[in-house]
Amino acid sequence: MKFTVRQIATLLGGEVAGNDTLAITKLAKIEEGQPGDISFLSNLKYETHLYTTQASAVIVDRSFQPKKPVSSALIFVENSYSAFTQLLEEYYKLQSFARVGVEQPSYLGEGSQVGEQVYRGAFSYIGSNCQIGRNVKIYPHAYIGNGVRIGDNTIIFPGVRILDNCIIGQHCVIHPNAVIGSEGFGFAPQPDGSYKTIPQLGNVILEDNVNVGSNTTIDCATLGSTIIRQGAKLDNLIQIGHNVEIGKNTVIAAQTGISGSTKIGDNCVIAGQVGFAGHLTIANGTRVGAQSGVGKNVTEEGTSLNSSPAFGLKESMRSLAIFRKLPDLERRVSDLEKKK
């Protein structure tokens with residue numbers, strides 16, 4: 001990355017105060033800024049660092065007025081935090097999409113088609129009859145099964161496994177060692193107490209702009225598809241069972257487990273270590289607190305849940321407040337009984 005302050009200001013729709021010809025090569029925290037770095041100030045508790053940083057440029061809100069002289073060039077924008085996020089995105093794209101070409105050894109199966117500007121890392125494997133879109137990046141040791149389709153501008157990081165017939169949309173990011181399309185957990189109990197494996201014949205569909213974290217597993221459907229809708233963001237270490245559907249722009253934090261055939265709506269926020277029973281329907285906009293256990297349908301949009309088993313957030317917090325007071329209440333009751 002090498003741009004002038006003026007070029008960055010143009011990208012962000014900002015105005016520059018100071019030297020706009022300075023070269024920027026790196027992004028940095030404001031307290032760690034060095035010449036050639038660009039940083040931002042959005043939380044005023046860090047304002048003191050603005051007057052001591054050595055960063056060449058700092059992004060600030062238009063409403064901000066420095067109280068002391070500033071050696072850095074200032075880029076004034078509507079929202080400095082959002083602007084810096086945009087800059088991070090552009091920097092990420094420059095890094096992630098810089099690689100082009102085929103490293104050896106790598107394998108491309110019969111009948112597979114690969115678009116322009118694709119990167120295939122060493123020891124990557126692409127099965128037969130796959131369709132790989134333009135500008136896709138497949139890092140070393142990734143495995144792509146037979147009949148897989150991957151849309152343009154998607155990144156497959158090292159160690160990812162995408163099993164047969166799965167469909168990955170455009171602008172997706174699948175982080176290291178995630179597994180897409182592994183066999184669902186389906187076993188039929190037998191009269192003798194044993195279990196018979198139920199073949200899992202479906203696939204997984206990731207729509208556009210989906211992120212999948214490291215070591216997350218998404219099981220294929222028994223029949224049909226396990227579906228992750230557009231814009232959903234999945235953290236690391238999440239288990240998604242067969243035939244699950246995750247709605248648009250839903251975010252799910254680490255160590256959450258979702259049992260088979262559960263349907264989670266759009267714009268939900270699921271905190272860490274939440275467990276969902278199977279065959280549930282969760283309404284749009286549902287918010288679930290960490291370590292909650294959800295065992296029944298959520299029908300009202302915008303519901304907030306907490307605890308295990310999960311119930312209304314306000315009722316849960318009141319219950320927890322009472323629970324914390326139980327030792328004191330027990331002592332008071334005991335004292336009253338002694339006075340009788």
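1. The largest pocket of this predicted model has a volume of about 330 Å³. Its lining is formed by Glu89, Tyr92, Lys93, Phe97, Asn153, Ile155, His171, Cys172, Val173, Asn209, Asn211 and Lys233. By residue class, the lining divides into 5 nonpolar, 4 polar and 3 charged residues.

2. The model contains an open sheet of 10 strands with parallel pairing. The strands follow the order E9-E12-E15-E18-E21-E26-E29-E32-E35-E38. Strand E9 (107-108) and strand E38 (293-294) are the edge strands, since each pairs on one side only.

3. Strand E32 (residues 257-258) and strand E35 (residues 275-276) run parallel and are joined by 2 bridges. Ile258 has Phe276 in E35 as its bridge partner.

4. The count of salt bridges comes to 12. One of them is formed by the side chains of Glu116 and Arg134, with an N to O distance of 3.8 Å. Glu116 belongs to the loop between strand E10 (113-114) and strand E11 (119-120), and Arg134 to the loop between strand E13 (131-132) and strand E14 (137-138); the pair therefore ties together parts that are 18 residues apart in sequence. Glu116 counts as exposed because its relative accessibility is 56%, and exposed means over 50%. Arg134, at 43% relative accessibility, counts as partly exposed.

5. Helix H4 (residues 313-339) holds both Arg331 and Asp328, which are 3 residues apart, about one turn of the helix. Their side chains meet in a salt bridge at 2.6 Å, N to O. Arg331 is partly exposed, with a relative accessible area of 43%, and Asp328 also counts as partly exposed, at 33%.

6. With which other residue named here does the side chain of Asp328 meet in a salt bridge? The partner is Arg332, at 4.0 Å from N to O. Arg332 and Asp328 are 4 residues apart in helix H4, so about one helical turn separates them. Arg332 is partly exposed, its relative accessible area being 47%.

Definitions and conventions: Residues numbered from 1 in each chain as written. Predicted model: local features only at pLDDT ≥ 70, side-chain atom pairs only at ≥ 80, totals over all residues. Heavy atoms only, no water. Pairing = 2+ DSSP bridges. 1 Å grid on protein atoms, 1.4 Å probe; cavity = no way out; pocket = protein on both sides within 12 Å on 5 of 7 lines; lining within 4 Å. Points joined across faces, edges and corners; volume = space filled by probe spheres on them. Nonpolar A, V, L, I, M, F, W, Y, C, P; charged D, E, K, R; others polar. Buried < 20%, exposed > 50% of the residue type's maximum accessible area, 1.4 Å probe, protein only.
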